[in-house]
Amino acid sequence: MQKSLKHQNGLTLIEVLATLAILSTLLVIIWGVLLNGFNYSKKAQETVLLQQEANLIVTKLTNIHQTYDSYTIMFNQNPIKVIFPDHKEEIISNPEFRYSFYDTSTGTDQLLNQSVHLSDTLSFKLVISPTDNPELIYEIRTTLSKLDVN
């Protein structure tokens, strides 16, 4: 009986518990890193989406400003509507976002509430946020002006 006890190869309960504790700690650390990576990726993706939407709005407004002599921009958070001299209307905003326009031509940011009729230059700040996450915002400052072709 004593010979058979001497040649046993196996793990003790303490070795198994120590291995489980080390593996559990490693898994918790790895899981935390992965979860933080996914959260950062989602926030970065939302920020890029806001930037793209702001650039799209500014590009549309720039094209309209360069094409027409005068027009009116109507904005009450959503939708942003452009009214042309022939009374044609175009909605240039996305209902998934909220928009705020600020006139920056005076040096202070003044919220533009209803509409603005443009025929010349406008310096403004566009603040955009998703409707489902209003804490996340993106703002862009720009100036609409016409090129002098003379």
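## A buried loop residue

A residue counts as buried when its relative accessible area is under 20%. In this predicted model, Thr104 has a relative accessible area of 17%, so Thr104 is buried.

Where does Thr104 sit? Its place is in the loop between strand 4 (97-103) and strand 5 (110-112). Leaving aside residues up to four places away in sequence, Thr104 touches Asp109, Ser123, Phe124, Lys125 and Arg141.

## The chain as a whole

The chain has 2 helices and 8 strands. From the N terminus on, the order is α-α-β-β-β-β-β-β-β-β. The radius of gyration is 30 Å, well over the 15 Å that the globule rule gives for 150 residues, so the chain is more spread out than a compact globule. The C-alpha atoms fill a box of roughly 110 × 30 × 25 Å along the principal axes.

Buried residues make up 26% of the 150 residues. The accessible surface comes to about 10,800 Å². Carbon and sulfur atoms hold 57% of that surface. Now take the contacts with a separation of 6 or more: 51% of them join residues 24 or more positions apart.

## Two aromatic pairs

How many aromatic pairs does the structure hold? It holds 2. In one of them, the ring centres of Tyr68 and Phe84 are 4.4 Å apart and the planes meet at 40°, so the pair is tilted. This pair links distant parts of the chain, 16 residues apart. Tyr68 is in the loop between helix 2 and strand 1 (71-75). Phe84 is in the loop between strand 2 (80-83) and strand 3 (89-91). Tyr68 is partly exposed, at 27% relative accessible area, whereas Phe84 is buried, at 3%.

Phe101 and Phe124 also form a tilted pair, with 5.4 Å from centre to centre and 45° between the planes. Phe101 lies in strand 4 and Phe124 in strand 7 (residues 122-130), so this pair ties together parts that are 23 residues apart in sequence. Phe101 is buried, with a relative accessible area of 3%. Phe124 is buried too, with a value of 0%. Phe124 is also one of the residues that Thr104 touches.

## A nonpolar surface patch

Which residues form the nonpolar patch on the surface? They are Ile22, Leu23, Leu26, Ile30, Trp31, Leu34, Leu35 and Phe38. Together they have about 860 Å² of accessible area.

Take Ile22 from this patch. Ile22 is found in helix 2 (residues 13-67). Is Ile22 buried or exposed? Its relative accessible area is 54%. Exposed means over 50%, so Ile22 is exposed.

Note on methods
Residues numbered from 1 in each chain as written. Predicted model: local features only at pLDDT ≥ 70, side-chain atom pairs only at ≥ 80, totals over all residues. Heavy atoms only, no water. Patch = residues over 30% accessible without salt bridge, like charges linked within 9 Å, V, L, I, M, F, W, Y side chains within 5 Å. Areas by Shrake-Rupley, 256 points an atom, 1.4 Å probe, with all protein chains shown as cover. Salt bridge = Lys/Arg side-chain N within 4 Å of Asp/Glu carboxyl O. Helix = DSSP H or I, 4+ residues; strand = E, 2+ residues; numbered from the N terminus. Buried < 20%, exposed > 50% of the residue type's maximum accessible area, 1.4 Å probe, protein only. Contact = heavy atoms within 4.5 Å. Rg over C-alpha atoms; globule rule 2.2 N^0.38 Å. Phe/Tyr/Trp six-rings, centres within 6.5 Å; stacked < 30°, edge-to-face > 60°.
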